[in-house]
Amino acid sequence: GYFTGGGNTFLLVKTLHEKGLLSVLKQNVESGKPYMGASAGSNIGGLNMRTTNDMPIVYPPSFECMGLVPFNLNPHYLDPNPELHHNGETRETRILEFLTQNDTPVVGLREGNWIRRIGDKITTEGSELTRIFERGKEPYEVEAGSELRF
C-alpha cells in the first residue's frame, strides 16, 4: 500500500506531476493497492487541490489530483471561534467562496476524522462530526459511519 504524509500541498502536487507519479499512484490505487493520506496526502485524493489551506510556495503545472473520491477535502478543518477577534476569513468562509465558482463538494475533516473508501462505498470515520459543503446548500454535519453520496 501507499502512505502519503503532510507538508505543503502545492509542493507535493508539483513534485508528483514533475516525476510522473500522480497518474501512476492513481492507477495503482484504482487497481486495488491501499492508499492512506494525511494532511496534504489526503488533499491529493480529492478531485483537485483548490481547497487546500497551504501557501502557494511553488506553482504546480495543474491543480488536478487523483480523484479517488468525487469531492475535495479540507483536512484540519477548524470551526470559527466567535471569541476571537479575527478580521480575516475562516476556513468556512473560504470554502463557501470556492463554492460560488465551483460545483465540487468539499468535506471538512476535523482532527481525528478520515474518509474510508471500499469499492464504491465512501464513509466518514473518526471521533468528530464531519462538515459537508455543497454549492447552493447550507453547510451541514454528518456522523462517523455516514455514507457520502454526491
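Q: What share of the 150 residues of the chain counts as buried?
A: In this predicted model, 39% of the 150 residues count as buried. A residue belongs to that group if its relative accessible area is under 20%.

Q: What makes the chain as compact as a globular protein of its length?
A: The chain is built of four helices and eight strands, and from the N terminus on these run β-α-α-β-α-β-α-β-β-β-β-β. Its radius of gyration is 15 Å, close to the 15 Å that the globule rule gives for 150 residues, and therefore the chain is as compact as a globular protein of that length. The C-alpha trace spans about 45 × 35 × 25 Å along its principal axes.

Q: Among contacts between residues at least 6 apart in sequence, what percentage joins residues at least 24 apart?
A: The value is 58% of such contacts.

Q: How many aromatic pairs does the chain hold?
A: Ring centres must lie within 6.5 Å to count as a pair, and by this rule there are four aromatic pairs.

Q: Why is the pair of Phe 10 and Phe 63 called edge-to-face?
A: The ring centres of Phe 10 and Phe 63 are 5.9 Å apart and the planes stand at 85°. Because planes over 60 degrees apart count as edge-to-face, this pair is given that name. The two residues come from distant parts of the chain: Phe 10 belongs to helix α1 (residues 9-18), while Phe 63 lies in the loop between α3 (40-43) and β3 (72-75), 53 residues apart. Ring pairs also link Phe 10, Tyr 59 and Phe 63 into a cluster.

Q: How do you know whether Phe 10 is buried or exposed?
A: Phe 10 has a relative accessibility of 9%. The limit for a buried residue is under 20%, so Phe 10 counts as buried.

Q: What makes Phe 63 partly exposed?
A: The relative accessible area of Phe 63 is 27%.

Q: Why is the pair of Phe 71 and Phe 150 called edge-to-face?
A: The centres of these two rings are 5.5 Å apart, and the planes of Phe 71 and Phe 150 are at 70°, so the pair is edge-to-face. Phe 71 lies in the loop between α3 and β3 and Phe 150 in the segment after β8 (140-142), so the pair ties together parts that are 79 residues apart in sequence.

Q: Why is Phe 71 called buried, and why is Phe 150 called partly exposed?
A: Phe 71 has a relative accessible area of 1% and is therefore buried. Phe 150 has 37% and is therefore partly exposed.

Q: How do you know that Leu 22 counts as buried?
A: Leu 22, in helix α2 (residues 21-30), has a relative accessibility of 7% and so counts as buried. Not counting residues up to four places away in sequence, Leu 22 touches Leu 16, His 17, Glu 64, Cys 65 and Met 66. Leu 22 and Cys 65 are 43 residues apart in sequence, and their C-alpha atoms are 7.3 Å apart in space.

Q: What makes Asn 72 a buried residue?
A: Asn 72, placed in strand β3, has a relative accessible area of 0%, and therefore it is buried. Leaving aside neighbours within four places in sequence, Asn 72 is in contact with residues including Gly 46, Arg 50, Phe 98 and Val 107.

Q: Why does Ser 39 count as partly exposed, and why does His 76?
A: Ser 39 has a relative accessibility of 22% and so counts as partly exposed. His 76, at 32%, therefore counts as partly exposed.

Notes
Residues numbered from 1 in each chain as written. Predicted model: local features only at pLDDT ≥ 70, side-chain atom pairs only at ≥ 80, totals over all residues. Heavy atoms only, no water. Phe/Tyr/Trp six-rings, centres within 6.5 Å; stacked < 30°, edge-to-face > 60°. Buried < 20%, exposed > 50% of the residue type's maximum accessible area, 1.4 Å probe, protein only. Rg over C-alpha atoms; globule rule 2.2 N^0.38 Å. Contact = heavy atoms within 4.5 Å.
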